[in-house]
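Have the viewer open as you read.

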Amino acid sequence: MTGAPPDPAWRGEELLADVICRLIGDARHVAVGNASPIPAAAALLARALGNGRPYVSLLQSRKHNFFTDGGRELFDCAGQGRIDVFFLSGGEIDGRGNINLVSIGDYDKPTVRFPGSFGAAYLYYVVPKVILFRTEHSRRTLVPQVDFVTAPGTSASNVHRTGGPFALVTNRCLFVFDRATKRFQLVSVHPGHTLAEVIENTGFDFDRPVDVPITAPPSPHALSQLRKVVAPELAEAYPRFAAEVFGTREPR
Amino acid sequence: MALIADTLEDALAAIGDGCMLAISREVAGVSMAATRALIRRPVAQLRLVALPTSSLQADLLIGAGCVATLETSAVSLGEFGPAPRFSAAIRAGVIGMKDATCPALHAAFQAAEKGVPFAPLRGLIGSDVLAHRPDWRVIDNPFGCDDPIVLLPAIQPDVALFHAPMADRAGNVWIGRQRELATMAHAAKKTVVTVERLLDGDLLADPMLAAGTLAGFYIEAIALAERGAWPLPLPDHYAADYDHLAEYARLAATPEGFARYLERYVHDRRAA
C-alpha cells in the first residue's frame, strides 16, 4: 500500500484484507497460494467472522492447511470444484482479465523474466471466484494487452471453464470483472485515492458508474477480529508480515 | 553399490552428465547437500525437471552452468525475490526453457507412475503456456462432444533426487506427508535420497510410520547428510536460514557475486 492511510484507525493492509474478505462472501473453501499475506489475512478474517467457515487452506502454512496428499491435492480439489475462491496476481494484468506471470518481450529472449506460471494456467479456469490482487497499481502492471497470456480472462464457449476472474483489488481501488462484456468495472476507490489517479495509473479502459464511491473502511468488529484472531494465526505462516502490520512478536 | 552409500559422492553416481533429473519443491525437502556436491564435480548438461517449482536449487545449478534445459512452473526465491541466475539465463537465452503449470507436472509424473503414455488436464487452452509447448496436444474428449482437452506426455526422469528426515538400513525412506516425493520416486527410473539420519529398525513394521514410508524397492542410493536441506528448510524439522538466503539473493544478483558465493559456500567443503 503506497502512502499513509488518511485515517490512523486502520492500516492499508487491513483495509485491503477487509475488502477481499467481503469479496469472498459465502464460500465453503478458500485456498491461498504462497507469498500472499494479505489474501491469507482476508481468508482467515472470513473464517473468524463466519465462526469457523469457510475452510481455509494456506499453502504457505503448516497449521492452516489440511492437504496430506502432496502438491497435487490442491489442483485435484480445484478440478472437482471443491475450491470456491483462489487468489492470483500477475506481472501484467490486462483489461480483458488476461494475466502474465512469465515474461515481457520475445519469449525466447525476454527483456523481463518473471518466476513462472505456478498453477495459474489451470486454476484460473476451474476456481469459480478468482480474486486478482496486485498492490502495485500502475501502467506498468495494468496494461492494455499482456505480452504473454499465462491464463486468459475468458475462453471460447466450448472450453471447459467453471471459473475465472471475479474481481481485481489494488492499492488504489476495487474492480469487478464482467464475464459477459469481458471488461473490468470500477466499484470503489480506496480512501485517500481518487478517480483521476486511478484513470491516470491504469493502462486499460474500464467501465465505471457516474458516481464512484469510496471503499468502505473496515468495521470496528472486523478490525478487532483481524488484530485479535487473525494476526496470531497469520504469524505462523507470515511472521515478518504479521510483525510489521500487527506487531506480533517476530519469532526469530 | 550398497543402498546406503559410504559417501555422498558415491550416492550421486547415478546422476551423470545429460541426466534428466527430477527435483522437489522447497516445502517437500530439497537435497541441497547433493546439489553442492554435483556442482563441485561438476555435472554438466542436466535436463532439470522441478516438481513443480524450484528455488535456490535450480538457481544454483543454472548459475554454475550445470543445466541444459529446465522444465518447471516457476523458479523464485520467494520472499527474497526473483531467482537471479535463472532470470539472467532466460534473458540471455542460454538454457532451454519448458514453461509448465503446477498441475501439468503433477499429472505428467502421475502418468509415468501409472506406466501410461500421457495424462489429460483441464485448463491451459488459449494460454501461451500451451502455445509454447509443441510436445503437448489438444484432442476432443472421446467421451464427450466438442470438448477440447490437453494431453501431456508422461515424464519419466532418469533420476529423482530429494532430501528426507530419515531412512532405515533396508533403504526404506520416511517422507511423512510429502506424498509427491513418492510420486517422483515411482515415476523415475532411479531415486537418490539424502537423509538427516539412519534409523536402526524397520520403518515398514510400524503402521503409523509405514503410511509415510517410501519402500526401499524404489531407491537406488541413500546418503547421510545432516542438515542436508540447508539453507532451505526441512519442514516440520528445521526452518530456512533466512540470513543466508538474503546473502545469496544479494550476491547472486551479479555474476561476480555469484562466483564468490560458489567459492565460499559450495567449493569450500567446510560449508557443505
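pLDDT is the predictor's confidence in each residue, on a scale from 0 to 100. That is a handy place to begin, since what you see is a predicted model. Chain B averages a pLDDT of 96, and 98% of its residues score at least 70. For the model, ipTM is 0.96 and pTM is 0.96.

Now turn to chain B itself. Along the principal axes, the C-alpha atoms of chain B fill a box of roughly 60 × 50 × 30 Å. How does the radius of gyration of chain B fit with that of a compact globule? A compact globule of 272 residues would have a value near 19 Å, and chain B has 19 Å, so the two agree.

Of the 272 residues in chain B, 52% count as buried. Among the contacts in chain B with a separation of 6 or more, 72% are between residues 24 or more positions apart.

Finally, let's visit the place where the chains touch. Here 35 residues of chain A are in contact with 41 residues of chain B. On the chain A side, α3 (72-79) and α4 (120-126) each supply at least two of the touching residues. The largest share comes from α4(A), with five residues. By type, the residues of chain A on this side divide into 17 nonpolar, twelve polar and six charged.

How values were computed:
Residues numbered from 1 in each chain as written. Chains lettered and ligands numbered in written order. Predicted model: local features only at pLDDT ≥ 70, side-chain atom pairs only at ≥ 80, totals over all residues. Rg over C-alpha atoms; globule rule 2.2 N^0.38 Å. Buried ≥ 20, exposed ≤ 12 C-beta atoms within 10 Å, placed from the backbone. Contact = placed C-beta atoms within 7 Å. Helix = DSSP H or I, 4+ residues; strand = E, 2+ residues; numbered from the N terminus. Nonpolar A, V, L, I, M, F, W, Y, C, P; charged D, E, K, R; others polar.
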